[in-house]
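This report covers the fold and selected contacts of one protein chain. The structure comes first, then the details.

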Amino acid sequence: MKKGLLIVISGPSGAGKGTIYNMVLERMPQIRKSISVTTRNPRPNEVEGVHYYFKSVHEYQQMIASGDFLETAEVYNNFYGTPKAPVFDMLAKGEDVMFEVDTIGAQQIKKKYAECVSIFIMTPSFAELERRLRARNTETEDSIRTRLGSARRELGRYETFDYIVFNDTAETAAQHVVDIIEAERAKMKRNLTVVQELLQSK
């Protein structure tokens, strides 16, 4: 059995990575979701164990000390992390797993699991990113400036990513991600066991 594919979706706040992540899951329902742990408070529509596992800072620190995370990061005064055990279990069963993390988390995953496929989601320009952040009507001026500065730093880590998808329209960007996943699944290096079995069959 070939191992599953680990897909990382990343990018700056406002680029639409969450929207694209959800659209790809709708188009490829066989992909498993990775559920992260966070210390932030649940939003009104979020369900424990479905969207996140919500933990106190103390509980989260205990998990770090136990080496439970594939990646962990502090984002805007809250902690986010991916438990590694369930991810590795799904991959070993041949299941593809996809999750959405910030760029620091993506780098951590790449170091611990070099075979992962990392995709950076970005708007076509910083002006467009600013427009989308302002359109939310949930950000202060200081917050917008902070997020734009963070986006420049995140994009500066481009060499650590395998792909970049420019989110002009969510539909097109999501399809680009689907195409990347399909191409990665078909790579010869990921199918050597299957090919060898074919060669040995009568």
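## A bridge across the sequence

The side chains of Lys-3 and Glu-115 form a salt bridge, with N and O 2.9 Å apart. A salt bridge here is a side-chain nitrogen of Lys or Arg within 4 Å of a carboxyl oxygen of Asp or Glu. Lys-3 sits in the segment before strand S1 (6–10), and Glu-115 in the loop between helix H4 (103–112) and strand S8 (117–122), so the pair ties together parts that are 112 residues apart in sequence. Helices (H or I, at least four residues) and strands (E, at least two) are DSSP runs, numbered from the N terminus.

Lys-3 is partly exposed, at 45% relative accessible area. Glu-115 is partly exposed too, at 40%. Buried means under 20% relative accessible area, exposed over 50%, and partly exposed in between (1.4 Å probe, protein chains only).

## Model and conventions

This is a predicted model: local features need pLDDT of at least 70, side-chain atom pairs count only at pLDDT 80 or more, and totals for chains, interfaces and linings use all residues. Residues are numbered from 1 along each chain as its sequence is written, and side-chain values use heavy atoms, with hydrogens and water left out.

## Other salt bridges

The structure holds 16 salt bridges. One of them joins Lys-110 and Asp-162, with the closest N and O atoms 2.6 Å apart. This pair also links distant parts of the chain: Lys-110 lies in helix H4, and Asp-162 in the loop between helix H6 (141–155) and strand S9 (163–166), 52 residues apart. Asp-162 is partly exposed, at 38% relative accessibility.

Glu-128 and Arg-132 form a salt bridge with closest N and O atoms 2.7 Å apart. Both residues lie in helix H5 (residues 126–135), four residues apart, about one turn of the helix.

## Parallel sheet

Strands of a sheet pair through backbone hydrogen bonds, either parallel or antiparallel. Five strands form an open sheet in the order S2-S7-S1-S8-S9, with parallel pairing. Two strands count as paired if DSSP finds at least two bridges between them. Strand S2 (32–33) and S9 stand at the edges with a single partner strand each, so one side of each has no neighbour in the sheet. S2 and strand S7 (residues 97–100) run parallel and are joined by two bridges. Lys-33 has Met-98 as its bridge partner in S7.

Contact means heavy atoms within 4.5 Å. Axes are lines fitted to C-alpha atoms, for helices over the stretch in contact, and angles run from 0 to 180 degrees between N-to-C directions.

## Mixed sheet

An open sheet of four strands has the order S4-S3-S6-S5 and mixed pairing. Strand S4 (52–54) and strand S5 (69–75) are at the edges, each with a single partner strand, so one side of each is left without a neighbour in the sheet. Neighbouring strands here are turned by 25° against each other on average, direction ignored.

Strand S3 (residues 36–38) and strand S6 (residues 78–83) run antiparallel, joined by two bridges. Val-37 has Gly-81 as its bridge partner in S6. Helix H2 (residues 57–65) lies across S3, S5 and S6, running at about 140° to S5.

## Whole chain

The chain has eight helices and nine strands. Its radius of gyration is 18 Å, close to the 17 Å that the globule rule gives for 202 residues, so the chain is as compact as a globular protein of that length. The radius is taken over C-alpha atoms, and the rule is 2.2 Å times the number of residues to the power 0.38. The C-alpha trace spans about 70 × 40 × 30 Å along its principal axes.

Of the 202 residues, 44% count as buried. Among contacts between residues at least 6 apart in sequence, 68% join residues at least 24 apart.
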